[in-house]
Protein chains: 2
Amino acid sequence: MDIDKLFNRQGAWLQGTGPDSDIVISSRIRLARNVDGYPFVNRASEQNLVELLALVEDVFKRKFDESKVHYFSLQKMPQIDRYYLLERQLISRKLAESDIPRAVLIDRDEHFSIMVNEEDHLRLQAMTSGLDLQNVWNRISEIDDLLENELPVSFDEQRGYLTACPSNIGTGIRVSVMLHLPGLVESSELERAFRGLQKLSLAVRGIYGEGSSAMGEFFQISNQVTLGQSEEELIMQVAEVVPQIIEYERQARKHILETQKDSLLDRAFRAVGIMKTARTMSVEEAMEFLSRMRLGISLGLFTELPQEDNVSNGVPQLLNDLLLHIQPSHLCKIAGKELSGSDENVFRVAYIRKQLEDAF
Amino acid sequence: MDIDKLFNRQGAWLQGTGPDSDIVISSRIRLARNVDGYPFVNRASEQNLVELLALVEDVFKRKFDESKVHYFSLQKMPQIDRYYLLERQLISRKLAESDIPRAVLIDRDEHFSIMVNEEDHLRLQAMTSGLDLQNVWNRISEIDDLLENELPVSFDEQRGYLTACPSNIGTGIRVSVMLHLPGLVESSELERAFRGLQKLSLAVRGIYGEGSSAMGEFFQISNQVTLGQSEEELIMQVAEVVPQIIEYERQARKHILETQKDSLLDRAFRAVGIMKTARTMSVEEAMEFLSRMRLGISLGLFTELPQEDNVSNGVPQLLNDLLLHIQPSHLCKIAGKELSGSDENVFRVAYIRKQLEDAF
């Protein structure tokens, strides 16, 4: 099955819809689950892993509507497709890069995915655009219930869900919200805000999660504790802190607009000017310029913006789309061929230029 | 007299004409002379300086055609006008900034100027666009002869012309050629080329002479020795080395065009993109972008260049004009008002944008 045809190119979590979606890109919850009677993935034999896959695939076939979800074996999948799924955040880097028998079930609308034989036997995740953790929690709980009715999930009355890594034990939950925080970066308030989060045991990561750097002033905030509190409490903790961060970000944007308008205008317009004229551009640089442009738009600095339906919270869909389409594997899909490093950089900026020219 | 009306806005030495004018911006020769019977300027009394001015002004009136030259007393001149002349390289920074009785005689075509009470009593300079030291030498010699027929110039059979600073003694000559060397900068060959010049006792300075940094990859090469060789020998030394530098520069440009065309294109196009979109820009940054654009043009990277008469050696007159017009006092003249630092930067880039939009 051709993976390209599965998805419209927007990516559900990048649709720019939902509350505060000019600042909150997406909300995401994942659950770590393991199947009783099988060793954890890092101790499992090839035979164990193959059996697990078969077991889970059977549940998927019986319990999900095949016209709405798609099952992919990762072992047979070309590298470009694996990274394509990674860029869309439908699978993890670990699942993309390991070489054991593994698979993923993906909702056609990209509202959830279930990885099999990642660090844990099952990694369930649900996501949505904007800030809406309740909606995401409802969805992932439903899927979790469905699976637990079909599979013997490792659970201990004392310790809760058992996981391969102790850092996930208990609830096995990670609640993440991806934020665009150029105001806090610009006003040097970011570190102070993040220190506050650390005191609440919340972690801050880059756009591609653990170990990734913060490109384009996009950050993920997530819980670190999984044990000793209920899922609802852990979700509530993130859900309560995010509006504060949004408020800090709005204040920081207001402040820099009042005190550094010339410089803001300058950076936003230059970003557009460079994207429209450059002949080569790395993904990091493109993320940076899109970030600047996004900030400029949200502050109303551009007067020539397209007045189209697909603008939400002031951010044109085009900008959310570009965040995804400029990633290496997406670019190859768009180009219809493999691109080497320098060809990729040349194609990237040509693509951005075309998109911006069509819109402005 | 209103200084603005004196000059067409091109600046003779920036007309972009003459041999190799894509690389050689201008050729310039200055002579240091002192009048016998008066102490050097740094030891002269106010009375001495006023007398000298009167003496020289009288010679100017008798020997120059008033419709072709203009005499300005610097003491009465507003600061903006003094810096305007400095930016046009018609007077030195010392003459612009000192507060003693001092003056300048300026050729209406800006092919020569004579400073009075600079470091020496008289500083004569002649300049032209492109590489043409013979022409400049003929012109300055003629003026020198004319002055020496009218004034008792300090000259010693043994030591030659006597000057306030020993570094000018002998011939009192400084021969300078201003070059645009982005190829050598880019290919890191600059230092090697300049080490060679130092061995020949030639100095390298920035665009605004002694103590100025090299903005926009423009450099001045000039003699350091003034004693023990004839004027013709000293001129010949510069005249012989410049074609070698031009050749190195052409080779460097050819090499980077062959090996880094994408990056070259990228930098040239970005420069234009930024100049067309930025909202604030320092003079240093503007010089850098004009330099990149100039290199791009000379390598034929732009296909949409205006096909107009005033393009010489491939460089549109517009680019030479901009080098001058973006300087602070020129900008104030263009704006018709004083501009503070941030207003100046905003006005600068708006002016550049307008000029580029009209041309491209």
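Me: Which residue is the bridge partner of B:Met178 in strand 10 of chain B?
Reply: In strand 10 of chain B, B:Met178 has B:Gln220 as its bridge partner, and strands here are DSSP runs (E, at least two residues), numbered from the N terminus. This is a predicted model, in which local features need pLDDT of at least 70, side-chain atom pairs count only at pLDDT 80 or more, and totals for chains, interfaces and linings use all residues. Residues are numbered from 1 along each chain as its sequence is written, chains are lettered from A and ligands numbered from 1 in the order in which they are written, and side-chain values use heavy atoms, with hydrogens and water left out.

Me: How many bridges join strand 8 and strand 10 of chain B?
Reply: Strand 8 (residues 173–180) and strand 10 (residues 218–223) of chain B pair in the antiparallel sense over five bridges, where pairing requires that DSSP finds at least two bridges between two strands.

Me: And what order do the strands of that open sheet in chain B take?
Reply: The eight strands of this open sheet in chain B follow the order 2-3-4-5-1-8-10-9, with antiparallel pairing. Strand 2 (69–73) and strand 9 (202–205) of chain B stand at the edges with a single partner strand each, so one side of each has no neighbour in the sheet.

Me: Switching to chain A, how much of it is buried?
Reply: Of the 360 residues of chain A, 57% count as buried, meaning under 20% relative accessible area with a 1.4 Å probe, protein chains only.

Me: What about its span along the principal axes?
Reply: The C-alpha trace of chain A spans about 65 × 45 × 30 Å along its principal axes.

How values were computed. Helix = DSSP H or I, 4+ residues; strand = E, 2+ residues; numbered from the N terminus. Buried < 20%, exposed > 50% of the residue type's maximum accessible area, 1.4 Å probe, protein only.
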